Amino acid sequence: MMRVNNLLKFLARQLLLLGATSMMNPLFSQIFGPCVHLYAPAQDVNTFSNTGASVSVSGTSYGAAYVGGAAALILGVNPSLAPDEVQEMLLTSASSVVKLAR
């Protein structure tokens, strides 16, 4: 377990770690704690299957699309921002999960 914790601490300095939320449970994610930077909607996300049918899916991979989209919008307004500046804007503009849980 110690190796996993050390790995997460290292990754937390290198990446933007994402947890999942849902409409009914803001702390839906199995990934939580001080290493998680952001939470995004990741349960019952509406999307399309490879056949074009509308489906509902869950998982942090789907929440990552929201964060990536927000980063793209930030860069669309100011394309000269450095990655750490985009990350800071994402972190400072996000709503608190604690507030959402109330």
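Two strands are taken to pair if DSSP finds at least two bridges between them. In this predicted model, strand 1 and strand 2 meet that condition, pairing in the parallel sense over four bridges. Within this pairing, L18 stands opposite L38 in strand 2. Strand 1 spans residues 18–21, and both of its faces are covered.

The backbone of D44 has a positive phi of about 55 degrees, although D44 is not a glycine. Most residues other than glycine have a negative phi. D44 is classed as exposed because its relative accessible area, 52%, is over the 50% cut-off.

A further set of values concerns L75, a residue of helix 2, which comprises residues 60–77. The relative accessible area of L75 is 34%, so L75 is partly exposed. When residues up to four places away in sequence are not counted, L75 touches L81 and V86. The C-alpha atoms of L75 and E85 are 10.0 Å apart in space, with the two residues 10 residues apart in sequence.

Conventions
Residues numbered from 1 in each chain as written. Predicted model: local features only at pLDDT ≥ 70, side-chain atom pairs only at ≥ 80, totals over all residues. Heavy atoms only, no water. Helix = DSSP H or I, 4+ residues; strand = E, 2+ residues; numbered from the N terminus. Buried < 20%, exposed > 50% of the residue type's maximum accessible area, 1.4 Å probe, protein only. Contact = heavy atoms within 4.5 Å.
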